[in-house]
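Please read the following points beside the sequence and the coordinates. They begin with charged pairs and then move on to a sheet, a helix residue and the chain as a whole.

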Amino acid sequence: MLKNYFKTAWRNLWKHKTDSFINIIGLCVAFSSALLLLLSVSYEFSYDKFHTNAKDIYHLYFHKQRVKGEELNSSMPAPLMPTMKSQYGDVKYATRYAGGGTTIRYKDKKISQSLDFVDADFFKMFSFPVIDGNKAPLQNLDEIVLRKGTAKAVFGNEEPVGKVIEIEQNNNWKPFTVSAVVDDFPDNSSITYDAITRFENLSFYKEVSDQWNSNFHDVYVQLNSSVSPKQFETKIKPFTEKYFAEDISHFKRDGAVPMKDGSFMKIALQPLTVMHTDPEIGGGDSINRSYLYLLVAIAILIIAIACINFINLSIGKSFTRSKEIGLRKTMGALKNHVALQFWAEALLICFMAFVISCIASYLLLPEYKLLFAMHVQRNMLQSPMVWVFIVLGFLIITVIAGGYPAWLMARLNVVEVLKGKMTMSRSNRLRNGLITFQFIIAVLLISCTIISWQQIHYLRTKPVGYNTSQVISVPANSEMDPTQALQLMRNKLASVASVENVSGIYDNLGRGTDGSSRTSVLTFDYKNREIKSNWMGVSYDLVKTLDLKLVDGRDFSTAFATDSSAVLINEEMAKEIGEKNIVGMKLPVDSAKPLTVIGILKNFNFKSLRQKIDPLTLVLDKNFGINYILVKVKPNNLQASMDAVKAAWKTIAPNSEFQGSFLDENVNRQYKREEKLMQIFTTGAVIAIVLSCLGLLAMVILIISQRTKEIGIRKVLGASVGSIVALVAKDFLILVLVATVIASPIAWYAMNQWLQSFAYRISIGWYIFLAAGILSIIIALITISIQAIKAALMNPVKSLRSE
């Protein structure tokens, strides 16, 4: 019996090739798109789950209630981890983690690599397998552990374990013994490394080892399996109140509102496995969880459109087979027999589309990764768990898309069917509702695409308050001290006619090609209230290099020896201080050495436009050294100027990669996430429109085939081609109009919520939704007209005779 169902199903699919082709293509496109999107989401959620102890490892962060609101920060002071571990037995292992860059020297070879500073428990906590050397490394301070790729770059084919290499720190070379080589970290790891040594080897460790007010690194703890994070957070409340009593008293003094439990500051635990999807605390390459949910929603909507096409076509085509159904029932077929027959056809179509989409997804994966910058590997398709979800999803879709039409056909009254009195009004209502839902999705995605494009265009074109088009930023973490590199670059470029100014800065503006983007924040007390400011180390000539505007005072100058204890502030910082005559006043940042304000700069966006402009203080301070060299060039030949800067860099740092980029590129690089979102919206909108139009085209073909005699009679009675097209198109265009009315407020609300994450944003105009609606109507009209005009031009004699 089952074999007969599938044999009959195959014959019917082959008989109705056009409908079968539309169904298979629609489902194939939907399955492939959804599978690629869901694999991307699965990959992002898989971060850090490869660690054996992942469920017990937590990332510490501060939750503070300041007078201006809540603040979450994962930067910790050096004594916190050892003190906490010694006082709480619930902590099985713990490590501090501070990242940085350095130059590794071995014989006559120098290589720039990242260098991370951790504690001895690091390799007990995290599953980074040691492939050579000591299985429990970093027991001694002079040890260093290298990544496999780094070891290969440094030693070539030599055995690395036991060899001595030198690490540059503060212009001095310090020897370390390679005690182990670890495997390269997986792509889905939040923790990355090239070389790892003990935390105590930080150049400034002695100065900060007992300082509870100097926060600069992360802390990870592994709790005993019997301890929950909530229990531990409650236990360490007295610890926070004891060691951060001064901070808490300042929050109270300034009028901060306490948390629900009455505390002003607490240490909280963030599970390691959610760190990547929590950008507020995770930092680095973390991604917002809501963005991933959006990808899932788009995948579901695309599948929904394809399923609606399938349901509409199945129901519509089933009514043309009404006599077949009546005869089957007359011959003794039960409801479940008829339902199984139709469901077998649905299963066959879905299975064919499923197989094709799996193959297509596998083949298109490299192009998909390249187009959308998604991190997903082909080997994910080999995971049994992935296949469990894929097969489960396939079965659910098949039951929903194929089961309903099959059930509907099985319920038809055999007498009415054979008499030709079968009603289609209920089916039409369902069809209209599903078509409307399809175009709601299409209009929604079109509107979101237009709004996201407008916002990205606004972010790219809004003036940020400094020169971005003529300034090149060069990361200065090379084989020499960055301050020395800056001076050498000044000397080298002094004779280059296209170079106007050279300066240096601690924090990059935007996101450079080295992938880094950092901020430094300091707080100090001023007249019994806390002042918080972004703190940035700079060099001379920064104002001229960036074309910053001074609203009061002067720039740093080599003519003033006292400028080493002077600062420039922005207007927002001046507002924070709240005094009238600020230039010349002293800021008590360090009681032993107050800093004099020598100038006030006009506000500029030193962070991305997602954030408002915060207080900023610029300082000439060796503790805030130069990490980036800024070179202002003339605008007439930018590429030649870039080549000149690159050539100068290669002469002073021949072993270091040149990673220079213009600041406008850095600024645009900050919005890669938004650009990716727009690309996905655009692609989703195109797929939604194409699938909707495929379904619409198939429905029009079906309806015209059922109204061939009517169209012929109208033609004989003098109806024009236009009136016949209008007859066919009218009902469908009304559905698209209704879809636009329903989709517009939904799109407005969703995108307005998204725009709230930007301090600087566009306003959503009504014309966006009008444009989305008109575009949808035009596309639908073109789709309908293709078949309607063909039917209207048909010879009425032929159509009437065929009936």
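1. The side chains of Arg-66 and Glu-71 meet in a salt bridge, with N to O at 2.7 Å (a salt bridge being a side-chain nitrogen of Lys or Arg within 4 Å of a carboxyl oxygen of Asp or Glu). Arg-66 is buried at a relative accessible area of 12%, and Glu-71 is likewise buried at 12% (buried means under 20% relative accessible area, exposed over 50%, and partly exposed in between, with a 1.4 Å probe and protein chains only).

2. This is a predicted model, in which local features need pLDDT of at least 70 and side-chain atom pairs count only at pLDDT 80 or more, whereas totals for chains, interfaces and linings use all residues. Residues are numbered from 1 along each chain as its sequence is written, and side-chain values use heavy atoms, with hydrogens and water left out.

3. Arg-66 also forms a salt bridge with Glu-530, at 2.2 Å from N to O. Because Arg-66 lies in strand 1 (residues 57-66) and Glu-530 in strand 17 (residues 530-537), the pair ties together parts that are 464 residues apart in sequence (helices, H or I of at least four residues, and strands, E of at least two, are DSSP runs numbered from the N terminus). Glu-530 is buried, with a relative accessible area of 17%. Salt bridges that share partners join Arg-66, Glu-71, Glu-530 and Lys-532 into one network, and the structure holds 28 salt bridges.

4. An open sheet of four strands has the order 15-23-14-24, with antiparallel pairing (two strands pair if DSSP finds at least two bridges between them). Its edge strands, strand 15 (499-505) and strand 24 (661-662), each pair on one side only. Strand 14 (residues 471-475) is joined to strand 24 by two bridges, and Ile-472 stands opposite Phe-662 in strand 24.

5. Where does Ser-692 sit, and what surrounds this residue? Ser-692 belongs to helix 22 (residues 672-706) and is buried, with a relative accessible area of 0%. The side chain of Ser-692 reaches the backbone oxygen of Ala-688 at 2.7 Å. Leaving aside neighbours within four places in sequence, Ser-692 is in contact with Ile-305, Asn-309, Gln-438, Phe-439 and Ala-442 (contact means heavy atoms within 4.5 Å).

6. For the protein chain as a whole, the secondary structure comes to 26 helices and 24 strands, and buried residues make up 52% of the 803 residues. Among contacts with a separation of 6 or more, residues 24 or more positions apart account for 79%.

Note on methods:
A polar contact is a pair of N or O atoms within 3.5 Å; within protein, one must be able to donate a hydrogen and the other to accept it, and residues adjacent in sequence count only if both atoms are side-chain atoms.
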